[in-house]
Amino acid sequence: MSTMTAAALYGFGNADTFELASIPKPGPAPGEVLIRVAYAGINPADWKDREGYLSQFYDIHFPHIVGFDAAGTVDRVGECVTAFAPGDRVLTVSRVGQGGQGSYAEFLPVPADRVAKIPDELPLLQAAVLPVAALTAWQALFDEARGKLQPGQAVLINGGSGGVGTFAVQFARQASARVAASCSGANADYVRQLGADLAIDYRQGRMPEAIAGWAGSGVDLLVDAVGPDSLPDISRLVRPGGRLVSIATLNRDGDIAALTAAAAAHGIQKVFAVMDDQNCASRLSAIAAQVAGGDLRLPPIQTFELAEVATAHRMIETGHVRGKLALRVCGE
């Protein structure tokens, strides 16, 4: 039986729980694409998966491989797959969120409807950090059940310099919205360069005053990419009739029902958002084309070898990473 190298878990735990292991190489089932993973993007959800927080959503079997984001080349295709061929450069979201294998391994099988080809101009490393952060930002802003952002509306991105925030600021600007973003003072110039009209240093504790001076009675939409405990009274940030899209943190989301009711008491619709990665190929393709064409700026990327996965996880756990982290699995 063929084998592959993976950063595997044989139980939940801290960053040192990972083991570099030789495990059976999967084959593509009908309708699937088997990808040779060049790079795996790292997301905050990865360390929460490692510690067991995601086990409330699906059954986990050990050895367990984490990782949502991947970019690489097609190794083989399963029956009924005609859109891809061996050697194609692709990016994808793994099925780890449905109990499947994650991307911290040399080979990754995924359904073809969540795989997109990568433009020739886009390096594999850059493609690998796109899926979760960019899809999460897009859905939070524009999905009809979430942000429903319209041109001319005012939006506040809480956490504008992180992976999700970097994309959210740019998507909102492209949609002709007025954009404010919270960040540390050190990242203020960065979020302005992304397109934010207003950069708010959250450490100053004057977010409501800044929003009042900029948007009067409050913003139309607040996208929270940090967590509810990072926000002051939302009634001082969002206008009555506005929306708060709270992106799931999986470990510090508070009492969702109580927070939703409290928002409703002020005329604010609170939406708890988890990324939808079903049939995401077309949106991934459009986002990759924007990056390749220079219309979408990528966050800074720091790369680690697969053997350095514990170091990378200790860094992502701090919650203060500017931009994105990635693992080099097989490389270019």
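A crossing of two helices is left-handed if the near helix is turned anticlockwise from the far one by less than a right angle, and right-handed if clockwise. Helices (H or I, at least four residues) and strands (E, at least two) are DSSP runs, numbered from the N terminus. The model is predicted: local features need pLDDT of at least 70, side-chain atom pairs count only at pLDDT 80 or more, and totals for chains, interfaces and linings use all residues. Residues are numbered from 1 along each chain as its sequence is written, and side-chain values use heavy atoms, with hydrogens and water left out.

**Stop 1: helices 3 and 4**

Select residues 131-142, helix 3, and residues 163-174, helix 4. They pack at an angle of about 50°, with their axes 8 Å apart. Axes here are lines fitted to C-alpha atoms, for helices over the stretch in contact, and angles run from 0 to 180 degrees between N-to-C directions. The two helices are therefore oblique to each other; angles under 35 degrees count as roughly parallel, over 145 as roughly antiparallel, 65 to 115 as roughly perpendicular and the rest as oblique. Helix 3 passes helix 4 in a right-handed crossing.

Now show the side chains in the contact (heavy atoms within 4.5 Å). Helix 3 supplies Ala133, Ala134, Thr136, Ala137, Trp138, Leu141 and Phe142, and helix 4 supplies Gly163, Val164, Phe167, Ala168, Phe171 and Ala172. These contact residues divide into 11 nonpolar, two polar and no charged. Ala, Val, Leu, Ile, Met, Phe, Trp, Tyr, Cys and Pro count as nonpolar, Asp, Glu, Lys and Arg as charged, and the others, Gly among them, as polar.

**Stop 2: Pro63**

Go to the loop between helix 1 (44-51) and strand 4 (69-77), where Pro63 sits. Phe62 and Pro63 are joined by a cis peptide bond, with omega about 0°. Most residues other than glycine have a negative phi, and most peptide bonds are trans.

**Stop 3**

Select Cys80, in the loop between strand 4 and strand 5 (89-93). Cys80 is not a glycine, yet its phi is positive, about 75°. Cys80 is exposed, at 73% relative accessible area; buried means under 20%, exposed over 50%, partly exposed in between (1.4 Å probe, protein chains only).

Gly87 lies in the loop between strand 4 and strand 5 and is partly exposed, at 48%. Leaving aside residues up to four places away in sequence, Gly87 touches Thr73 and Val74. The C-alpha atoms of Gly87 and Gly72, 15 residues apart along the chain, are separated by 9.0 Å.

**Stop 4: Leu250**

Finish in the loop between strand 12 (238-247) and helix 7 (256-265), at Leu250. Leu250 has a positive phi near 75° and is buried, with a relative accessible area of 19%.
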